[in-house]
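Work through the exercises below with the sequence and the coordinates open. Each task is followed by a solution in steps.

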Amino acid sequence: MGQARITDPGATPPELRQAVNLIYKAAHSAGVEPATLELVHMRASQINGCAPCVDSGAKAMRKNGETDERLFTIAVWRETPYFTEPERAALALAEYATRLADQPDPVPDEIWDEAAKHYDQKQLSAIVLWIATTNFFNRLNAATRTQAPQNW
């Protein structure tokens, strides 16, 4: 794990916070269920091993009423009955869009088409935006070795 490379959260430029707030509003105003956006955030963060994002994501999900069954099984969503078909399509899209280098066709048509059965173009754009934003933060946190809070 190593020691955090940036220890002052206030070192983040205010322009970045403003830009992130705009992205957050755009992704969350497209009609996608907030729980679905939280699920794709969590799954991408799990794949990338981003401890602060998994930690904050789990806390936010629990605060917003997410069940333990769903929260504890996001990583194995295919093998559980806890997720709706639209959520499963969004989770699959999150996995493929996060693991771009793992396949010759990073997001195969069948993955996209399944998501398109459940979400319109605006909603799909918001989901992809949120996956990309999550991956952005995962990479910032990995590069700076940002750690999850130690307030257990």
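The model is predicted.

**Exercise 1.** Check the length of helix H2 against its number of residues.

Solution. Step one: H2 covers residues 34–48, which is 15 residues. Step two: the expected span is 1.5 Å times one less than the number of residues, so H2 should span 21 Å. Step three: the end C-alpha atoms of H2 are 21 Å apart, which agrees.

**Exercise 2.** State which residues of H2 are buried and what covers them.

Solution. Buried means under 20% relative accessible area. In H2 the buried residues include the run from Thr 36 to Ser 45. Their cover includes helices H1 (14–28), H3 (51–63), H4 (68–72), H5 (85–98) and H7 (121–144).

**Exercise 3.** Find the aromatic pairs in the whole structure and classify them.

Solution. The search finds 2 pairs. In one, Tyr 24 and Trp 130 are 5.5 Å apart centre to centre with 75° between the planes, and the pair is edge-to-face. Tyr 24 belongs to helix H1 and Trp 130 to helix H7, so the pair ties together parts 106 residues apart in sequence. Phe 136 and Phe 137 have ring centres 5.1 Å apart and planes at 75°, so this pair is also edge-to-face.

Notes:
Residues numbered from 1 in each chain as written. Predicted model: local features only at pLDDT ≥ 70, side-chain atom pairs only at ≥ 80, totals over all residues. Heavy atoms only, no water. Helix = DSSP H or I, 4+ residues; strand = E, 2+ residues; numbered from the N terminus. Buried < 20%, exposed > 50% of the residue type's maximum accessible area, 1.4 Å probe, protein only. Contact = heavy atoms within 4.5 Å. Phe/Tyr/Trp six-rings, centres within 6.5 Å; stacked < 30°, edge-to-face > 60°.
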